[in-house]
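Subject: The structure we talked about

Hi,

Here is the structure I promised to pass on.

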Amino acid sequence: MKENVFKEYDIRGRWEKEIDEKFVADFVKAFLEYLRNEILYSATDELRLKNKNLKILISRDRELVSKKAYNVLKKELISNGSKVIDFGETAIPLHNFASGKEKTDGAIMVTASHLSEKYTGFKISKNGTEPVRLEELKNKIIKKEFSNRIENEFLTKKRFNKSETDVKNNYLKKYINSLEKKIKIKKKWRVVIDASGGETGIILNKVFKKISKLEVKKICFQKCKHNDNPLEIKNQREIKRTIKKEKLDLGAMFDGDGDRIIFFDERGKFVNPSSILAILIKGMKPKEFIGNTSVGMAAREIANKFIETRTGHVFIKEEMRKRKSEMGGEHSGHIYFKENFYTEDPIFAFLKLLEILEKSGKKMSEFLKEADPYFKSEEKNFRFSEKHFQEVKERIKRSFKAEKISEIDGIKIKEQNWWFNLRESGTENKVRLNVEAKSKEELKKIKKIATAFIQKKS
Ligand SMILES: [Zn+2]
């Protein structure tokens, strides 16, 4: 087994190479034992819980390898005595909504996000939607520190008895009803949406039936030619073209597993995800906002209170849960809400954005200029070894005053009118650079300086 399948906050690897049937079997045993220990640890009535079948909700993305891994996962969960709620192909927000409402003991989404089609993986949570740090499970799996004994009583007990489609459709209805209550849109918006071929398209079709005033052009609602990553420029061509050709109000693009969203304005221009956060904060006025290091200056200035965390959904979700914050977001297009049990809800974010624009009476680009006037670089990636990154960090530290430096996430230098951040990706062997400045000239200058730090060989 290769240890590198254990990322900080999920498991990812090539199917049948790093992740195979044997791995899934070990993972299931370790996960169930981990959950059982967690429950026993916090339980007042030990005996009652000892006999409890763990309730696990499972979903997967559209990829063929995910389907294969999913089938093995399901078989293993059942044969190890869990009550499985089998959602099949599902977008992450619905998976989370149902896990939260159902108060599952554990939930597993089979996906490798936007990695290539050879990859699969597991995003896992406990107590509904609470993320699990992989560190806690890794050793159990690698060293096989779990009991192989399946307690017979688990197997004879009645398992989850409703069919999967019943349960899933029921939650989909509840989810859509909850959206309907929270959103008020009157204008007949003309928009285009690219669902990247995931289940988001199916959910959106049902959402739009309820919120019927929209005119929606649809891209990739079923089959999709482009890959899952909305941030790849080549994947954005069709949506940009459609906005311009049809003179639409705006466009939105989801990723394949439905937990990220990015936007395009009425000119077909890509909108920086940080600016979207600024718009949402301006319109929704949360008491506090939890964001990662690369969230821009405007969002920080508009927020009543801005709390910075490391990049990665686990860190933001943990912080939100701890503080009971209403809202959080990342520069990558992940937007989190307390109401979806402290997880992503990009469909809600999309509708809310329309509502906010409608109230303002402005076009998307006009509102943007007002909410976020600052200049941002596109995220730049560099292939790096850990050692090299350490050297770069040391070099940067020698060049700036200590009070300008933050090391919450990689290294960040913050001045009055600009900042830059270099941080390691949690999922790939890359270091990412983000820069923001109050003027175009400063942006150019800082980008040059930051890049020089990276490229200089010491
Ligand atoms: Zn995703």
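This is a predicted model: local features need pLDDT of at least 70, side-chain atom pairs count only at pLDDT 80 or more; totals for chains, interfaces and linings use all residues.

Let me start with an open sheet of five strands, ordered S8-S7-S9-S10-S11, in which the pairing is mixed. Strand S8 (215-219) and S11 are at its edges; each has a single partner strand, so one side of each is left without a neighbour in the sheet.

As for the parallel part, strand S7 (residues 190-194) is joined to S9 by four bridges, and the two run parallel. Within that pair, Asp 194 is opposite Met 253 in S9.

The antiparallel part begins with strand S9 (residues 250-254), which is linked to S10 by four bridges. Here Phe 254 has Ile 261 of S10 as its bridge partner.

Phe 263 is found opposite Val 271 in S11. The hairpin of S10 and S11 has five residues between the strands, and there Gly 268 takes a positive phi near 80°.

Strand S10 (residues 261-264) is worth a look for its side chains. In a regular strand, side chains alternate between the two faces of the sheet. In S10, Ile 261 and Phe 263 point one way while Ile 262 and Phe 264 point the other way, and all are buried.

If you turn to the helices around this sheet, you will see helix H9 (residues 237-246) lying across S7, S8, S9 and S10, at about 145° to S8.

**The sheet around S12 to S16**

Another open sheet of five strands has the order S13-S12-S14-S15-S16, and its pairing is mixed too. Its edges are strand S13 (306-309) and strand S16 (343-344), each with a single partner strand, so one side of each is left without a neighbour in the sheet. Strand S12 (residues 289-292) runs parallel to S13, with four bridges joining them. In this pair, Gly 291 is opposite Glu 308 in S13.

Helix H10 (residues 273-284) and helix H13 (residues 346-360) have axes that come within 10 Å and cross at roughly 65°. The crossing of H10 past H13 is left-handed. On the H10 side, the contact is made by Ile 276, Ile 279, Leu 280, Gly 283 and Met 284, and on the H13 side by Ala 349, Lys 352, Leu 353 and Ile 356.

**Two backbone angles to check**

Most residues other than glycine have a negative phi. Which residues here have a positive phi without being glycine? One of them is Glu 16, with phi near 70°; it sits in the loop between strand S1 (11-14) and helix H1 (21-42). Glu 16 is partly exposed, with 14 other C-beta atoms within 10 Å. Another is Lys 324, with a positive phi of about 55°, in the loop between helix H12 (313-323) and strand S14 (327-329). Lys 324 is exposed, because 10 other C-beta atoms lie within 10 Å.

**A buried arginine**

Is Arg 423 buried or exposed? This residue belongs to strand S21 (residues 418-424). Arg 423 is buried, because 22 other C-beta atoms lie within 10 Å, and the cut-off for buried is 20 or more. Beyond its neighbours within four places in sequence, Arg 423 is in contact with Thr 293, Thr 311, Asp 409, Gly 410, Val 431 and Arg 432. Arg 423 and Ser 294 are 129 residues apart in sequence, yet their C-alpha atoms are 9.5 Å apart in space.

**The nonpolar core**

The largest nonpolar core has 114 residues, of which Ala 69, Leu 73 and Ile 108 touch the most other members. Leaving out residues up to four places away in sequence, Ala 69 touches Trp 15, Ile 19, Val 24, Val 110 and Thr 120.

Happy to go through any of this with you.

Best wishes

Conventions. Residues are numbered from 1 along each chain as its sequence is written. Two strands pair if DSSP finds at least two bridges between them. A residue is buried if 20 or more other C-beta atoms lie within 10 Å of its own, exposed if 12 or fewer, and partly exposed in between; C-beta atoms are placed from the backbone. Two residues are in contact if their C-beta atoms, placed from the backbone, lie within 7 Å. Axes are lines fitted to C-alpha atoms, for helices over the stretch in contact, and angles run from 0 to 180 degrees between N-to-C directions. A crossing is left-handed if the near helix is turned anticlockwise from the far one by less than a right angle, and right-handed if clockwise. A nonpolar core is a set of buried Ala, Val, Leu, Ile, Met, Phe, Trp, Tyr and Cys residues joined through C-beta atoms within 7 Å.
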